[in-house]
Amino acid sequence: MSGAPKFCVECGGRLAVVREEGRTRRRCRRCGWTLYGNPVPAAVALITRGGRLLLTRRARPPYAGTWDLPGGFLEAGERPEACVRRELREELAMGIRQARLVDFALDRYGPKGFPVLTMVSTAGNPVPGDRVSRAAAVRAALGQRQVTPGSGR
Ligand SMILES: [Zn+2]
């Protein structure tokens, strides 16, 4: 839990590291609020053409210059398919006819970052916009290595 908050979001009290149910958590000494470290939901799109997979190169921090599947974090109340549509519009100025949920992936946002639960969908034709420095189709690498948002791997 490196980089985890040290203070309670409810009362501002200092969090103590505790062991519970075989896991390490942080708990407020003052009010008992517990940081469970639940994964943050994200959604990405698999856009393939001719056996090649579209990846985007991050133009901005964090992890500028690293390669990602197009996508991002869900807003409150947003369904994964709607998140994929919004992110593709924002990142690639791309509209899609449909997004279909096909799988889930567990990862972290960067090597020591918070846990992420990524919902993986399939979607349609990319047109690069200004939020990515470069968009390129590369041979589909899924199955050979894990590719999830922000991992840079
Ligand atoms: Zn507290």
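This is a predicted model: local features need pLDDT of at least 70, side-chain atom pairs count only at pLDDT 80 or more; totals for chains, interfaces and linings use all residues.
Leaving aside its neighbours within four places in sequence, alanine 45 is in contact with Leu69, Pro70, Gly71, Val84, Leu88, Ala99, Ser121 and Ala123.

**The core around alanine 45**

The largest nonpolar core of the chain comprises 20 residues, and those that make the most contacts inside this core are Ala43, Val44, Ala45, Val84, Leu88 and Ala123. Two or more residues of this core are given by each of strand S4 (40-46), helix H1 (80-92) and strand S10 (115-122). Of these contributions the largest share, five residues, comes from S4. Val84, Leu88 and Ala123, which are listed with Ala45 among the core residues with the most contacts, are also among the contact partners of alanine 45.

**The chain as a whole**

The chain contains one helix and 11 strands, and from the N terminus on its elements follow the order β-β-β-β-β-β-β-β-α-β-β-β. Buried residues account for 27% of the 153 residues. Among contacts in the chain with a separation of 6 or more, 57% are made by residues 24 or more positions apart.

**Strand pairing**

Strands S1, S2 and S3 form an open sheet, arranged in the order S1-S2-S3 and paired in the antiparallel sense. Strand S1 (15-20) and strand S3 (34-35) each have a single partner strand and stand at the edges, so one side of each is left without a neighbour in the sheet. Which residue of S3 is the bridge partner of arginine 27? The partner is threonine 34, and the pairing of strand S2 (residues 23-28) with S3 rests on two bridges.

In the hairpin of S5 and S6, two residues lie between the strands, and glycine 50 takes a positive phi near 60°. The table sets out these pairings, with a residue pair for each.

| Strand pair | Sense and bridges | Residues facing each other |
|---|---|---|
| S2 and S3 | antiparallel, two bridges | arginine 27 and threonine 34 |

How values were computed. Residues are numbered from 1 along each chain as its sequence is written. Two strands pair if DSSP finds at least two bridges between them. Helices (H or I, at least four residues) and strands (E, at least two) are DSSP runs, numbered from the N terminus. A nonpolar core is a set of buried Ala, Val, Leu, Ile, Met, Phe, Trp, Tyr and Cys residues joined through C-beta atoms within 7 Å. A residue is buried if 20 or more other C-beta atoms lie within 10 Å of its own, exposed if 12 or fewer, and partly exposed in between; C-beta atoms are placed from the backbone. Two residues are in contact if their C-beta atoms, placed from the backbone, lie within 7 Å.
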